[in-house]
Amino acid sequence: MFNYQEIESLNRLELTVYDYIIQNKSAVINMTIRELANQSHVSTTTVLRFCNKVGLDGFMELKYVLKRDLAHQKLEQPKMTRVVDSVNEFLSRFNDQTYQDHVQQVAELMVDADLILFFGIGTSATFAQYGARLLANLGLYTLSIVDPFQPQPAGIRHAENVVLVDVSVSGEREQVLKQAQFYHELGAKVVSITNTAISTLARLSDVNIAYNAHEVRDVINDDVDLTTQVPVVLTMEQIMHKTHKIQAARRANADK
């Protein structure tokens with residue numbers, strides 16, 4: 001319903017409005033703008049600013065678009081879970097030019113790197129290992145760091161031909177930010193795969209790919225993150241395929 005570039009332009013408050021709308025479409029079409037603002041814990045001005053950033057003339061057009069989207073969902077997928085909703089939202093933006101441009105930039109960095117490091121904590125560590133394995137299959141030198149307390153290497157003064165890929169849902173974990181800052185100061189290229197483009201890690205990165213899935217937390221323990229990670233897997237595989245395409249093109253040119 002909203003494209004990748006539009007969502008990437010939203011600030012934190014506008015993302016709150018977006019997240020509430022996506023999870024409560026049926027309710028929002030019967031709300032006033034003030035009711036939506038209250039439910040999202042923002043001002044009506046923020047709601048209107050959200051509408052403008054996603055290409056809508058105002059709140060009434062937002063409600064019209066939501067009604068149309070709900071009607072389409074009833075025809076196509078009468079039984080949808082929150083996870084499926086999140087994945088479908090991501091897939092609807094998968095071919096957006098901005099997203100594909102970011103993936104292309106990352107692939108170009110991968111091909112030219114002497115060393116590619118993947119870093120993640122907890123669940124993200126598993127995806128860091130997966131990403132490292134995918135690129136290793138292409139003959140690239142990759143390593144994964146999954147211990148957040150592993151000492152940073154001493155004696156290294158520069159890392160211009162190194163790419164660090166930080167995988168983090170929030171982009172705010174202290175250990176993740178320390179890794180990004182350490183390698184950035186050494187001259188390495190920092191790539192981040194996060195849930196939002198307005199995280200601290202995203203701002204520290206040379207290239208950020210934000211998948212903008214709806215954040216889901218356990219109702220009892222807020223530290224338990226239940227946000228779907230399907231977009232991370234798809235992003236990793238898209239990076240692999242674009243990297244392979246660049247490698248193939250270079251081999252073809254070398255054979256001429």
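This is a short tour of the structure, stop by stop, with something to select at each one.

Before you start, note that this is a predicted model, in which local features need pLDDT of at least 70, side-chain atom pairs count only at pLDDT 80 or more, and totals for chains, interfaces and linings use all residues. Residues are numbered from 1 along each chain as its sequence is written, and side-chain values use heavy atoms, with hydrogens and water left out.

**Stop 1: the sheet**

Select the strands and colour them one by one. Helices (H or I, at least four residues) and strands (E, at least two) are DSSP runs, numbered from the N terminus. Five strands make an open sheet, in the order S2-S1-S3-S4-S5, with parallel pairing. At the edges are S2 (142-145) and S5 (207-210), each of which pairs on one side only. From one strand to the next the twist averages 15°, with axes taken as lines fitted to C-alpha atoms (for helices over the stretch in contact) and angles running from 0 to 180 degrees between N-to-C directions.

Now pick out S1 (residues 115-120). Six of its six residues are buried, so the strand is largely enclosed by the rest of the structure; buried means under 20% relative accessible area, exposed over 50%, and partly exposed in between (1.4 Å probe, protein chains only). Show the side chains to see both faces covered: Leu115, Leu117 and Phe119 are buried on one side, and Ile116, Phe118 and Gly120 on the other.

Two strands count as paired if DSSP finds at least two bridges between them. S1 is joined to S2 by four bridges, and Ile116 has Thr142 as its bridge partner in S2. Towards S3, S1 pairs in the parallel sense over six bridges. Which residue of S3 is the bridge partner of Phe118? Select Val165 to find it. Stay on Val165, whose bridge partner in S4 is Val191. S3 (residues 162-167) and S4 (residues 189-194) pair over five bridges, again in the parallel sense.

**Stop 2: the largest pocket**

Next, select Arg12, Leu15, Asn195, Thr196 and Glu215, which lie nearest the centre of the largest pocket among its 18 lining residues. On a 1 Å grid over the protein atoms alone, a pocket is an open set of points with protein on both sides within 12 Å along at least five of seven lines, and lining residues have an atom within 4 Å of a point. The volume of this pocket is about 360 Å³, counted as the space filled by probe spheres set on grid points joined across faces, edges and corners. Helix H2 (residues 12-23) gives the largest share of the lining, five residues.

**Stop 3: helix H12**

Select residues 230-255. Buried residues here include Pro231, Met236, Ile239 and Ile246.

**Stop 4: two loop residues**

Go to His41, in the loop between H4 (33-40) and H5 (44-53). Its phi is near 60°, a positive value in a residue other than glycine. Is His41 buried or exposed? At 72% relative accessibility, it counts as exposed.

Finish at Asn212, in the loop between S5 and H12. Asn212 also has a positive phi, about 55°, although it is not a glycine, and at 5% relative accessibility it counts as buried.

Technical notes. 1 Å grid on protein atoms, 1.4 Å probe; cavity = no way out; pocket = protein on both sides within 12 Å on 5 of 7 lines; lining within 4 Å.
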